[in-house]
Amino acid sequence: MQSGSENFGAGVVESVQRILFRLAAALVIVLLVMLFLVLFVPLVIIWIVYVTARSAAAGLTGRAHRAGAKSSAHAPIPDADGEGRENVRVRRPNDA
């Protein structure tokens with residue numbers, strides 16, 4: 001069995017290389033995080049401002065949902081379809 005740098009550690013040059021590689025990797029990670037913050041955070045802020053402005057504009061123009069409005073979510077069922085067929089309605093016992 002030989003006692004070389006493979007068994008007992010590397011030389012000075014290899015140690016410096018490892019430190020430099022780790023520093024380079026740390027710098028790349030920091031740069032990627034900064035790029036993420038620079039690009040993503042302003043987009044989120046713009047989206048929040050847009051949603052708030054749209055909601056305020058809907059409230060001012062009357063397009064907002066009103067609790068007391070009698071608007072149906074579905075169109076009423078017509079009595080006939082215009083082709084001679086009548087829509088069948090279910091009769092309940094309490095209907096007159």
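## A partly exposed phenylalanine

Let's start with F40, which counts as partly exposed at 43% relative accessibility. The cut-offs explain the label, because partly exposed covers the range between under 20% for buried and over 50% for exposed. F36 gets the partly exposed label too, with a relative accessibility of 49%. Keep in mind that this is a predicted model.

## The ring pair

The structure has 1 aromatic pair. F36 and F40 make that pair, and their rings are stacked: the centres sit 5.1 Å from each other, with 15 degrees between the planes. It's called stacked because the cut-off for that class is planes under 30 degrees apart.

So why do these two meet? F36 and F40 are 4 residues apart in helix α2, which puts about one helical turn between them. An α-helix has 3.6 residues a turn, so residues three or four places apart point the same way.

## The helix that carries it

Helix α2 runs over residues 12–61. At 1.5 Å a residue, its 50 residues should span 74 Å, and the 73 Å between its end C-alpha atoms agrees with that. Just past α2 comes G62, with a positive phi of about 85 degrees.

## The whole chain

Zooming out, the protein chain has 2 helices and 0 strands. How many of its 96 residues count as buried, as a percentage? The figure is 0%. As for the accessible surface of the protein chain, it comes to about 9600 Å², and carbon and sulfur atoms account for 66% of that.

Note on methods: Residues numbered from 1 in each chain as written. Predicted model: local features only at pLDDT ≥ 70, side-chain atom pairs only at ≥ 80, totals over all residues. Heavy atoms only, no water. Buried < 20%, exposed > 50% of the residue type's maximum accessible area, 1.4 Å probe, protein only. Areas by Shrake-Rupley, 256 points an atom, 1.4 Å probe, with all protein chains shown as cover. Phe/Tyr/Trp six-rings, centres within 6.5 Å; stacked < 30°, edge-to-face > 60°. Expected span 1.5 Å × (residues − 1).
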